[in-house]
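I opened the model to look up two things.

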Amino acid sequence: MELNFELEEIQYLVENLNFAQKVERSLNLIRNAYQEYGDKLVVANSLGKDSSVVWHLAKSVNPSIRGFIVTTRFKPKQTVEFMHRMVKIYPELKIYKNDEAIPEKLYQSDPDKCCFLLKVKPTREAIEDMHVNCWVTGLRCTEGRTRTNFREIEERDKGLIKLNPILLWYEREVWQYLALNNVPVNPMYALGYRSLGCEPCTIISAGEDERAGRWVGTSKNGGECGIHTNPLKSIPAKIRY
Ligand code: SF4
């Protein structure tokens with residue numbers, strides 16, 4: 001699979017492909033990866049709008065494609081209900097959750113560590129447990145300041161391809177796809193949220209930045225939980241918590 005695209009080329013494609021071309025490109029990326037990796041291709045489903053698009057695209061490539069959901073003790077009840085609804089429809093979606101004891105309000109004192117324990121660790125577990133060689137995410141480069149330096153196909157961890165098939169999509173195109181295909185979405189969006197996360201770390205925000213409502217008041221504001229930036233396979237001992 002092709003791994004390298006210059007950032008300028010990516011930006012050109014973001015701005016110049018139309019909606020239908022982007023959908024076709026995303027489908028091709030998943031189709032080609034599925035041909036190469038078969039059952040070892042697995043979709044990460046965060047229950048957000050972008051994951052809902054990717055899950056729907058993957059299912060139209062092959063209905064037997066599997067997925068995993070990483071949830072935490074701090075997810076809003078609407079997200080938890082939506083998760084159970086999705087798993088009932090798609091039993092091939094497996095849930096991973098870290099229930100180990102952590103310090104109270106760790107999300108305030110050390111949100112990076114909290115995300116690492118509650119999100120990155122179970123993601124690693126899912127990848128190992130489901131024997132994943134290619135994981136598919138809903139990451140988009142137009143989503144915010146921390147998401148501009150990604151590619152559609154990456155190999156950040158040796159032996160683990162990361163496919164970002166809707167990397168080039170605008171937020172509008174995500175909603176366009178969901179509406180045109182009647183895809184069910186997390187009810188949190190109806191309340192006004194634009195980017196979904198854990199309850200203590202997510203507020204309803206307005207304005208340009210799609211992820212502005214995440215980790216408000218911390219250095220992580222608008223940033224990342226770590227699943228897109230930490231190694232997920234072949235983990236060097238020194239960075240294990
Ligand atoms: S989003 Fe907040 S509560 Fe959730 S894992 Fe990260 S720091 Fe913890």
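Predicted model: local features only at pLDDT ≥ 70, side-chain atom pairs only at ≥ 80, totals over all residues.

**Entry: aromatic pairs**

I looked up the ring pairs and found 6 in the structure. I took Phe19 and Trp169 to begin with. Their pair is edge-to-face, with 6.0 Å centre to centre and 70° between the planes. I then checked where the two residues sit. Phe19 belongs to helix α2 (residues 19-37), and Trp169 lies in the loop between β6 (160-163) and α7 (171-180). The pair links distant parts of the chain, 150 residues apart.

Is Phe19 buried or exposed? Its relative accessible area is 17%, so Phe19 counts as buried. Trp169 is buried too, at 1% relative accessibility.

Next I turned to Phe68 and Tyr96. This pair is also edge-to-face, at 6.3 Å centre to centre and 90° between the planes. Phe68 is in strand β2 (residues 66-71) and Tyr96 in strand β3 (residues 93-97), 28 residues apart. Both Phe68 and Tyr96 are buried.

I also found a cluster: ring pairs link Phe19, Trp169 and Tyr177.

**Entry: ligand site**

Where does the ligand sit? I found it in the second largest cavity. I listed the residues around the ligand: Phe74, Tyr107, Pro111, Cys114, Cys115, Leu118, Lys119, Cys198, Cys201 and Trp215. Helix α6 (residues 111-129) gives the largest share of this shell, 5 residues. By class I noted 9 nonpolar residues, no polar ones and 1 charged.

Definitions and conventions
Residues numbered from 1 in each chain as written. Heavy atoms only, no water. Near = heavy atom within 4 Å. 1 Å grid on protein atoms, 1.4 Å probe; cavity = no way out; pocket = protein on both sides within 12 Å on 5 of 7 lines; lining within 4 Å. Sits in = over half its atoms within 2 Å of the grid points. Helix = DSSP H or I, 4+ residues; strand = E, 2+ residues; numbered from the N terminus. Nonpolar A, V, L, I, M, F, W, Y, C, P; charged D, E, K, R; others polar. Phe/Tyr/Trp six-rings, centres within 6.5 Å; stacked < 30°, edge-to-face > 60°. Buried < 20%, exposed > 50% of the residue type's maximum accessible area, 1.4 Å probe, protein only.
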